[in-house]
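Hi,

Please have a look at it before you read on.

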Amino acid sequence: MTITTDFAPDFSAPSTAVAAALAAYLLLGEPWAGRRMYESLARRRDTEPRALVRYYGLVLALWWAFAALAVAALLLSPGTAAADLGLALPERPAYTIATILLTGAAAVASGRNFRDLAERGRNVPGLAAIEAMLPRTPEERRLAIAVAVSDGICAELVYRGLLIAFGVGALGLDLYVAAALSILVYALAGFYQGRRGVLVFAFFGAVFTGLYLATGSLLLPVAVHVYLSVRDLTLPAPEKPRPATAV
């Protein structure tokens, strides 16, 4: 089913309080916290061997804490169904599965192209903005995949599922106004990558939101989001020039 303008989740007072607190943090706190975390990682990445492992661990904890709050908001509202947060199967599963397979193939193909460019020392679009979080060891690579999968699942549940439902059900906004505001909040999460990151997050936020509104389910946006995150976070980290050896 698609989400239509008669979409009206019923948020209880406790649920509204939980969702409002999370939304306020995502809007006002997350952009600055994310930027500080990434800048700290970038400073320590080449001098502290486990800096990225600790960074990934913190990111995983934060994502699943946000997801837990979204689930808590749902459970605290007896009048709100799981489907109101996109936790439902799409009406046309065959279309969704076909789209997932096609986007998966596209992600694999583009990932191979990006990896080839990176290994040849060529420019990869957007690589410099996330260079500090790219894995260099097998442990870091495993954690990178875990972070990418968590990013796709939790971000869609929070930014698409919860924020749009909260905007409509608790704030009384029009569906498309609530969707636009959710894109804005998601775009600000890209602030750690600078102004360009905000624009990139806004673009993909609009794509994910469109997929959600068109299907009424988070399944397709989660799958596409996971594909893109895994592709980007498993690119090889650029090699650092080695210091010259004294003769």
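Let me begin with Phe11, which counts as buried at 10% relative accessibility. Buried here means under 20% relative accessible area, exposed means over 50%, and partly exposed is in between (1.4 Å probe, protein chains only).

Two bits of housekeeping. This is a predicted model, so local features need pLDDT of at least 70 and side-chain atom pairs count only at pLDDT 80 or more, while totals for chains, interfaces and linings use all residues. Residues are numbered from 1 along each chain as its sequence is written, and side-chain values use heavy atoms, with hydrogens and water left out.

**Aromatic rings**

There are 12 aromatic pairs (ring centres of Phe, Tyr or Trp, using the six-membered ring of Trp, within 6.5 Å; planes under 30 degrees apart are stacked, over 60 edge-to-face, the rest tilted). In one of them, Phe11 and Phe166 sit edge-to-face, 6.0 Å centre to centre with 75° between the planes. Phe11 is in the segment before H1 and Phe166 in helix H4, so this pair ties together parts that are 155 residues apart in sequence. Helices here are DSSP runs (H or I, at least four residues), numbered from the N terminus. Phe166 is buried too, with a relative accessible area of 7%.

Tyr38 and Tyr192 make a tilted pair: 5.5 Å between centres and 55° between planes. Tyr38 belongs to helix H1 and Tyr192 to the loop between helix H5 (175-188) and helix H6 (195-215), 154 residues apart. Tyr38 is buried at 9% relative accessibility, and Tyr192 is buried at 18%. Both turn up in one aromatic cluster, together with Tyr25, Trp63, Phe66, Tyr159, Tyr186 and Phe201.

**Charged side chains**

The count of salt bridges is 9 (a side-chain nitrogen of Lys or Arg within 4 Å of a carboxyl oxygen of Asp or Glu). Have a look at Glu156 and Arg160, whose bridge has an N to O distance of 2.7 Å. They are 4 residues apart in helix H4, about one helical turn. Glu156 is buried at 0% relative accessible area, and Arg160 is buried with 0% as well. Arg160 also lies over the face of Tyr186, 4.5 Å from the ring centre (the cut-off is NZ of Lys or CZ of Arg within 6 Å of the ring centre and within 35 degrees of the ring normal).

In helix H1 (residues 13-44), Glu39 and Arg35 are also 4 residues apart, and they bridge at 3.3 Å, N to O. Glu39 is partly exposed at 35%, and Arg35 is partly exposed at 25%. The charged end of Arg35 sits over the ring of Phe191, 4.5 Å from its centre.

Glu139 pairs with Arg50, with the closest N and O atoms 3.2 Å apart. Glu139 is in helix H4 (residues 138-169) and Arg50 in the loop between H1 and helix H2 (51-75), so this bridge ties together parts 89 residues apart in sequence. Arg44, Glu48 and Arg54 form a network of salt bridges.

**One glycine**

Where is Gly86? It lies in the loop between H2 and helix H3 (93-119), and it is buried at 3% relative accessibility. Leaving out residues up to four places away in sequence, Gly86 touches Tyr212, Gly216, Ser217 and Leu218 (contact means heavy atoms within 4.5 Å).

Cheers

Terms used:
Helix = DSSP H or I, 4+ residues; strand = E, 2+ residues; numbered from the N terminus.
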